[in-house]
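Good morning, and thank you for the time. I would like to take you through one model; please look at the sequence and the structure as they come up.

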Amino acid sequence: MITYTALNNKDIDEKVDKEVRYCIEGIVNEFGSNIVSIVLFVGFGRGEGSVINNDGNLVPYNDYDFVVFVRKKIEKIEKERLIEKMLPMLSVSMVDIIDIVYNNVVELPFTQFNYDLKYGGIVMWGKEDIIE
């Protein structure tokens, strides 16, 4: 089981895992053969995802951040439509989908974003060595 939060709580990690996998399934179903890999990064990808206590129940808070490595760019409106469809089934208030064209991966500059992606990301689907 992946640890998504700093709480070391099996129940919340299972809930996050279910929601993250729901998002991945939606991304794969929507963009299919265009996808090379899907990476969960930032808070939940580093195992530091935010959680709130909602009347005694721990629930994921804030957002899920995905980088989707693709063969060709995805239109912003397509990502927005998918996110709008997925949000009612999630505990978080937002999903970020950032697409990066796969052939540009070797050219990614040294930035905080790319550092976080490499060292604070988990490949959840596809080519496993994409961020190495």
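First, the conventions. This is a predicted model, in which local features need pLDDT of at least 70 and side-chain atom pairs count only at pLDDT 80 or more, while totals for chains, interfaces and linings use all residues. Residues are numbered from 1 along each chain as its sequence is written, and side-chain values use heavy atoms, with hydrogens and water left out.

Let me begin with the sheet. Four strands form an open sheet of mixed pairing, in the order S5-S4-S1-S6. Strands here are DSSP runs of E of at least two residues, and helices are runs of H or I of at least four, numbered from the N terminus; two strands pair if DSSP finds at least two bridges between them. From one strand to the next, the twist averages 25°. S1 and S4 are antiparallel and share six bridges. Serine 37, for example, has phenylalanine 69 of S4 as its bridge partner.

Two helices meet this sheet. H1 packs on it and touches S1, S4, S5 and S6, with its direction at about 35° to that of S4. Contact means heavy atoms within 4.5 Å; axes are lines fitted to C-alpha atoms, for helices over the stretch in contact, and angles run from 0 to 180 degrees between N-to-C directions. Helix H4, residues 112–119, lies across S1, S4, S5 and S6 and runs at about 95° to S1.

Now H1 itself. Its 22 residues should span 32 Å at 1.5 Å a residue, and the end C-alpha atoms are 31 Å apart, which agrees; the expected span is 1.5 Å times one less than the number of residues. At its start, a side-chain oxygen of asparagine 9 comes to within 2.9 Å of the backbone nitrogen of aspartate 11. After the helix comes glycine 32, with a positive phi near 35°.

Which residues touch the most other members of the largest nonpolar core? They are Val20, Ile27, Tyr64 and Phe66, in a core of 27 residues. Such a core is a set of buried Ala, Val, Leu, Ile, Met, Phe, Trp, Tyr and Cys residues joined through side-chain atoms within 4.5 Å. Buried means under 20% relative accessible area, exposed over 50%, and partly exposed in between, with a 1.4 Å probe and protein chains only. H1 gives the largest share of this core, eight residues. Beyond its neighbours within four places in sequence, valine 20 contacts Tyr4, Leu40, Tyr64, Phe66 and Met124. A second, separate core has nine residues, including Phe41, Val67, Ile100 and Ile131.

Glutamate 19, in helix H1, is buried, with a relative accessible area of 5%. Leaving out residues up to four places away in sequence, glutamate 19 touches Pro60, Tyr64, Met89, Leu90, Ser91 and Val92.

Aspartate 99, in strand S5, is also buried, with a relative accessible area of 5%.

Technical notes: Polar contact = N/O pair within 3.5 Å; in protein donor to acceptor, adjacent residues only side chain to side chain.
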